[in-house]
Amino acid sequence: SRGDEAPDDPTPQREGPYRTDEPGSSSELALVRVMLLHPALSEGVIEAVGRLDEEEGAHPELAAAPDAEHGAMRDPVYRSLYEAIVVHGAEASPDVLAESLEPDGIEVMEAIRAEPGAVMDGPRTVDDALRRLKERSLRERLDELERMTPLAAGEEKDALLTEKDRRRRELMAIGGRGWKSVRK
């Protein structure tokens with residue numbers, strides 16, 4: 001071992017801005033960005049996210065894995081920012097919001113606030129982001145139903161097929177793209 005090496009640090013250090021692999025996270029970021037840059041729209045975002053969260057748990061037979069993160073805001077950093085805004089209000093100072101955040105959350109908040117013109121049309125951005133999060137949820141439910149249907153029989157199978165059909169129609173109604181076509 002050379003003397004100029006840093007001691008082993010168990011926490012990996014990230015290089016560059018925060019990035020996530022969470023599907024749909026760009027929509028979560030868009031909502032947080034709108035809330036920070038257009039505080040007047042925050043209450044509507046909070047109400048809409050609450051409705052999406054309620055819908056996420058709407059079908060008890062579709063139990064996700066216990067460790068699966070469900071709800072509209074799944075990325076831990078974007079969710080922490082969202083929750084800080086819910087608790088402290090969108091008009092809260094960055095210092096007040098930062099009290100509830102980990103370093104990654106503070107970094108993302110500062111990056112958003114550094115680009116005040118990043119959201120040109122707040123209401124449209126919110127609508128698009130909510131639609132994409134709803135689409136993500138519907139696709140996941142359809143995938144769960146697809147996995148469950150072959151294992152079911154009788155009335156249970158009929159109920160699952162009815163639910164799949166309803167979810168597909170709902171996905172098409174919001175402009176969802178490209179879910180498996182029905183060939184079976």
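Predicted model: local features only at pLDDT ≥ 70, side-chain atom pairs only at ≥ 80, totals over all residues.
Helices (H or I, at least four residues) and strands (E, at least two) are DSSP runs, numbered from the N terminus. By that count, the protein you are looking at has 7 helices and 0 strands, so its elements read α-α-α-α-α-α-α from the N terminus on.

Residues are numbered from 1 along each chain as its sequence is written, and side-chain values use heavy atoms, with hydrogens and water left out.

The predictor's confidence in each residue, from 0 to 100, is the pLDDT. Its mean for the protein is 82, and 79% of the residues reach 70 or more. Residues 58–68 stay under 50, and residues 178–184 are also below 50.

Let's start with helix 6, residues 122–148. At its N-terminal end sits a cap: a side-chain oxygen of Asp121 lies 3.2 Å from the backbone nitrogen of Arg124.

Next come the charged pairs. Side chains of opposite charge can pair when their charged atoms come close. A salt bridge here is a side-chain nitrogen of Lys or Arg within 4 Å of a carboxyl oxygen of Asp or Glu, and the structure holds 14 of them. One of these joins Glu28 and Arg136 at 2.9 Å, N to O. This pair links distant parts of the chain, with Glu28 in helix 1 (residues 25–37) and Arg136 in helix 6, 108 residues apart.

Are these two partners buried or exposed? Buried means under 20% relative accessible area, exposed over 50%, and partly exposed in between (1.4 Å probe, protein chains only). Glu28 counts as buried because its relative accessibility is 0%, and Arg136 is buried at 9%.

Lys164 is buried at 7%, as is Glu146 at 14%.

Within helix 7, Glu163 and Arg166 lie 3 residues apart, about one turn of the helix, and form a salt bridge of 3.0 Å, N to O. Glu163 is buried at 10%, whereas Arg166 is partly exposed at 36%. Shared partners join Glu55, Lys134, Glu163, Arg166, Arg167 and Glu170 into one network of salt bridges.

Technical notes
Contact = heavy atoms within 4.5 Å. Polar contact = N/O pair within 3.5 Å; in protein donor to acceptor, adjacent residues only side chain to side chain.
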